Amino acid sequence: MSELGDFLKAKRAQITPEQVGLPPVGNPRRVTGLRREEVAQLAAVSVDHYTRLEQGRVATASDNVLVGLARALLLTDDELTYMRLLVRSRPSRRGPRTPAKVASPVQDLLDALTHTPALVLGRRFDILAWNAAATALFRDFAGLRPEHRNLVRLVFLDPRVRGLYEDWESVAAETVARLRMDAAHSPDDPRLTKLVGELSVRDADFRRWWSGHGVRIPSAGRKHLRHPVVGGLELDWQTMQLGTASDQILVTYTAPAGTPTHDALAFLTSWSARPDAVGHTAQSGPAT
């Protein structure tokens with residue numbers, strides 16, 4: 001079965017007839033969610049064509065068909081974008097990609113953000129660069145092996161990072177949904193396949209959310225953290241595309257001036273700069 005077929009099947013199972021105005025025929029119904037025939041009817045496509053899409057026997061679909069399916073399955077704009085990527089993606093024949101690098105002016109920008117934790121993320125949400133404030137907030141990224149500097153991996157497998165989030169389940173589920181969108185951009189990425197495989201084996205929550213085929217591409221939000229040094233933090237995060245590289249984004253964590261979190265960040269970054277604090281902010285257990 002194709003990725004598009006898996007996605008359609010998962011979304012079909014999550015919709016009830018009542019949600020789309022259909023009578024709940026059959027009690028109990030033999031299938032979870034909608035039947036294929038019902039999706040085809042709602043999307044104004046033939047049952048045969050929809051069946052072939054779900055079974056992976058059709059390699060492409062018109063945009064009108066995708067829009068109809070999005071309407072039938074109550075998909076979000078992000079999920080429609082995801083389907084379009086799946087239809088248009090083709091395996092790459094390019095050779096091995098060179099390691100991603102961050103331009104020097106970008107690192108200068110990070111270092112200038114003295115009290116603002118900031119990261120540069122690349123493909124697969126690899127952590128490519130960071131500043132001292134990010135180290136104070138999360139962990140000592142330099143102490144990790146390069147292949148373990150990945151935000152998704154840390155959220156699930158690093159005890160220190162995982163323990164920071166008061167709303168870990170919400171953060172983790174959103175992280176998986178963002179990773180799935182990234183996978184649609186790079187369907188032939190072996191490192192992404194390896195990452196998904198490792199997390200699926202080692203974490204039941206990741207495995208459950210990945211199989212649910214959730215897709216989101218938020219660019220801003222708020223996270224609630226409980227830091228071992230400064231306690232509770234309410235941080236506004238946002239992402240910005242870097243003009244120097246199309247597959248790199250800058251992520252910043254801020255708080256309005258005068259708020260307890262703003263003052264706590266200032267204290268944390270100043271405290272972590274002290275020589276006697278170095279062993280404390282970097283502690284996070286073994287590199288997993």
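Is Glu 147 buried, partly exposed or exposed? Glu 147 is partly exposed, with a relative accessible area of 45%, where buried means under 20%, exposed over 50% and partly exposed in between (1.4 Å probe, protein chains only). This is a predicted model, in which local features need pLDDT of at least 70 and side-chain atom pairs count only at pLDDT 80 or more, while totals for chains, interfaces and linings use all residues. Residues are numbered from 1 along each chain as its sequence is written, and side-chain values use heavy atoms, with hydrogens and water left out.

Glu 147 forms a salt bridge with Arg 145, their closest N and O atoms being 3.0 Å apart; the term stands for a side-chain nitrogen of Lys or Arg within 4 Å of a carboxyl oxygen of Asp or Glu. Arg 145 is likewise partly exposed, at 45% relative accessibility. The structure holds 22 salt bridges, and one network of them links Arg 123, Arg 124, Asp 126, Asp 189 and Arg 191.

Turning to Arg 180, we find a residue that is buried, with a relative accessible area of 3%. The side chain of Arg 180 is joined to that of Tyr 82 by a polar contact of 3.2 Å (a pair of N or O atoms within 3.5 Å; within protein, one must be able to donate a hydrogen and the other to accept it, and residues adjacent in sequence count only if both atoms are side-chain atoms). The charged end of Arg 180 also sits over the ring of Trp 210, 3.8 Å from its centre, a description that requires NZ of Lys or CZ of Arg within 6 Å of the ring centre and within 35 degrees of the ring normal.
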